[in-house]
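I opened this entry to look up a few things in one structure. My notes follow in the order in which I looked.

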Amino acid sequence: MARGDGSAADRDLAKLVTDTPTSQLLDEALYDRARLAFDRHDWPTARAALDELAIRPTSPLREPGMYLRCRIDLAADPTNAARCFAAYRDAFPRGPHDLDAGLQLVALTFKDGGCDAVRASIDELAAAYPGTHSVEAWQDRCRP
């Protein structure tokens, strides 16, 4: 990966996952494979790696893995993205990607229901993340 050869990196990571399933590096290998697959829009490979990561309850990469899964859903299947972002926010309240997940939920919900459907979510984000430009933009857009 450091040399910029994603194909070689993916081959090496796949070998590590297959040949040494008890490796201390397994979580990182699964996450990195998912990121590489995400970058090349290979959604099935990315999802498969993240599914393996998700069943490892003690992995420190569960949070970024779940967030990446939501980004995959957003890119590949937006109908599932809202459920994924909501589940992410439930699993990791105030996690590192909480604001973005909340904003993605607002944008997805707004498409279907307009300002009335997102006003409470915007208020919740404004309380949790005061002074955030993107939240303030939604407040301005949906001001009654």
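This is a predicted model: local features need pLDDT of at least 70, side-chain atom pairs count only at pLDDT 80 or more; totals for chains, interfaces and linings use all residues.

**Entry 1: the whole chain**

I looked up the elements and found seven helices and zero strands. Read from the N terminus, the order is α-α-α-α-α-α-α. The chain has 144 residues, and 39% of them count as buried. I noted an accessible surface of about 8,400 Å², with 52% of it belonging to carbon and sulfur atoms. I then took the contacts with a separation of 6 or more, and 43% of these are between residues 24 or more positions apart.

**Entry 2: helix H4**

Next I listed the buried residues of H4: Glu 63, Pro 64, Gly 65, Tyr 67, Leu 68, Cys 70, Ile 72 and Asp 73. I kept a general point beside this list: an α-helix has 3.6 residues a turn, so residues three or four places apart point the same way. I then asked which helices the buried residues of H4 pack against. They are H2 (26–39), H3 (43–54), H5 (78–91) and H6 (98–128).

**Entry 3: Asp 73**

I picked Asp 73 out of that list; its helix, H4, covers residues 62–76. Is Asp 73 buried or exposed? Its relative accessibility is 7%, so Asp 73 counts as buried, the limit being 20%. I set aside its neighbours within four places in sequence and looked up the contacts of Asp 73, which are Arg 47, Pro 78, Asn 80, Ala 81 and Cys 84.

**Entry 4: Asp 27**

Asp 27 counts as buried because its relative accessibility is 11%. Its side chain makes a polar contact of 2.9 Å with the side chain of Ser 59. With neighbours within four places in sequence left out, Asp 27 touches Leu 53, Arg 56, Ser 59, Pro 60 and Leu 61.

**Entry 5: the largest pocket**

I wanted to know how much space lies in the largest pocket, and the value is about 150 Å³. Its lining consists of Leu 50, Asp 51, Leu 53, Ala 54, Arg 62, Gly 65, Met 66 and Arg 69. H3 and H4 each supply at least two residues of this lining. Gly 65 is on the list for the pocket and also among the buried residues of H4, while Leu 53 lines the pocket and is in contact with Asp 27.

**Entry 6: two positive phi values**

Most residues other than glycine have a negative phi, so I looked for exceptions. His 41 is not a glycine, yet its phi is positive, at about 60°. His 41 sits in the loop between H2 and H3, and its relative accessible area of 55% makes it exposed. Arg 94 also has a positive phi of about 60° without being a glycine. I found Arg 94 in the loop between H5 and H6. At 53% relative accessibility, Arg 94 is exposed, since the limit for that word is over 50%.

Technical notes:
Residues are numbered from 1 along each chain as its sequence is written. Side-chain values use heavy atoms; hydrogens and water are left out. Helices (H or I, at least four residues) and strands (E, at least two) are DSSP runs, numbered from the N terminus. Buried means under 20% relative accessible area, exposed over 50%, partly exposed in between (1.4 Å probe, protein chains only). Contact means heavy atoms within 4.5 Å. Accessible areas come from the Shrake-Rupley method with a 1.4 Å probe; for residues, only the protein chains shown count as cover. A polar contact is a pair of N or O atoms within 3.5 Å; within protein, one must be able to donate a hydrogen and the other to accept it, and residues adjacent in sequence count only if both atoms are side-chain atoms. On a 1 Å grid over the protein atoms alone, a cavity is a set of points where a 1.4 Å probe fits but cannot get out, and a pocket is an open set with protein on both sides within 12 Å along at least five of seven lines; lining residues have an atom within 4 Å of a point. Grid points are joined across faces, edges and corners, and a volume is the space filled by probe spheres set on the points.
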